[in-house]
Amino acid sequence: MPGLTIGDPLPNLEVETTHGPIKLHDYVADSFTIIFSHPGDFTPVCTTELGAMAAYADKFSKLGVKLLGLSADDVESHNAWIKDIEAYCNGCKVTYPIAADPHRKIIKELNMVDPDEKDSSGNQVPSRALHIIGPDKRVKLSFLYPASTGRNMDEVVRVVESLQRAAKHKIATPANWKAGDAVVISPGVSTEQAKEMFPQGYKTAHLPSNKPYLRFTNVD
Ligand code: BEZ
């Protein structure tokens, strides 16, 4: 994926939003922040996705995570569409800002353009891209989905919870991990370091190689 990707600094762009102008670095401040694009207002999957984000907003807020939507539509369109989203999602409230990028400058800089989708005027539209930005204002994780596939907000919560633990401890989260499950100690941590870093203890899986690299522990 060319352009902005994991580890890159978030460009400090000024964006127009439904909550007024926002400078991206000021908005992130010292929080994990999810910036997610959608192909277009008043389209079916996008309506379900932004409604789902609204329904999950409390969960993200409890995790200290900010949300910012984004598409190539203008603020007037977003504000009109929000009424549909809120009606569709049974009274949920779209409390997060949605940025407007009619000139496609931001979606290009944030690597969110879908090369296969154009609007009715032949203009580029965003894919269903999602960047999770860390408090250091760098990209920690990116999803890139085509217009045909709506995102799973449980997966977004799950990866945030993984990223937040990995930011606090020298750990990684294994396949299908969810909050509360055991995590694995990072491979760069020696046995001596592991004993010191994880006083709660850890269990090493016995593998045919006899290499003690799969070490499970529990962290919050
Ligand atoms: C949708 O949100 O349903 C959609 C938007 C653009 C292309 C295809 C589907």
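This briefing walks through a predicted model, starting with its overall build and moving on to its ligand site and a few individual residues. Local features here need pLDDT of at least 70 and side-chain atom pairs count only at pLDDT 80 or more, while totals for chains, interfaces and linings use all residues. Residues are numbered from 1 along each chain as its sequence is written, and side-chain values use heavy atoms, with hydrogens and water left out.

**Overall build**

- The chain has six helices and 13 strands, where helices (H or I, at least four residues) and strands (E, at least two) are DSSP runs numbered from the N terminus.
- Taken along the principal axes, the box filled by the C-alpha atoms is roughly 60 × 35 × 35 Å.
- Of the 220 residues in the chain, 45% are buried; buried means under 20% relative accessible area, exposed means over 50%, and partly exposed is in between (1.4 Å probe, protein chains only).

**The ligand and its shell**

- Around the ligand you will find Pro-39, Thr-43, Pro-44, Val-45, Cys-46, Glu-117, Arg-128 and Ala-147, each with a heavy atom within 4 Å of the ligand.
- By class, this shell holds five nonpolar, one polar and two charged residues. In this scheme Ala, Val, Leu, Ile, Met, Phe, Trp, Tyr, Cys and Pro count as nonpolar, Asp, Glu, Lys and Arg as charged, and the others, Gly among them, as polar.
- Helix H2 (residues 44–62) gives the most to the shell, with three residues.
- The ligand takes the space of the largest pocket. A pocket is an open set of points on a 1 Å grid over the protein atoms alone, where a 1.4 Å probe fits, with protein on both sides within 12 Å along at least five of seven lines; a molecule sits in one if more than half of its atoms lie within 2 Å of its grid points.

- A backbone N or O atom of Val-45 is 2.7 Å from an oxygen atom of the ligand, and for a polar contact the N or O atoms must be within 3.5 Å.
- From the side chain of Thr-43, an N or O atom is 3.0 Å from a ligand oxygen atom.
- Arg-128 places a polar side-chain atom 3.1 Å from an oxygen atom of the ligand.
- On its own the ligand has 260 Å² of accessible area, and the protein covers 74% of that, by the Shrake-Rupley method with a 1.4 Å probe.

**Loop residues with positive phi**

- Phe-42 is not a glycine, yet its phi is positive at about 55 degrees. Phe-42 lies in the loop between strand S3 (32–37) and H2, and is partly exposed at 44% relative accessibility.
- Asn-210 also has a positive phi, near 65 degrees, in a residue other than glycine. Asn-210 sits in the loop between strand S12 (203–204) and strand S13 (215–217) and is exposed, with a relative accessible area of 70%.

**Two buried residues**

- Val-15 belongs to strand S1 (residues 14–17) and is buried, at 2% relative accessible area. Val-15 and Asp-116 are 101 residues apart in sequence and 25 Å apart in space, C-alpha to C-alpha.
- Ala-194 is part of helix H6 (residues 191–197) and is buried, with a relative accessible area of 0%. Between Ala-194 and Thr-217 there are 10.0 Å in space, C-alpha to C-alpha, and the two are 23 residues apart in sequence.

Key:
Polar contact = N/O pair within 3.5 Å; in protein donor to acceptor, adjacent residues only side chain to side chain. 1 Å grid on protein atoms, 1.4 Å probe; cavity = no way out; pocket = protein on both sides within 12 Å on 5 of 7 lines; lining within 4 Å.
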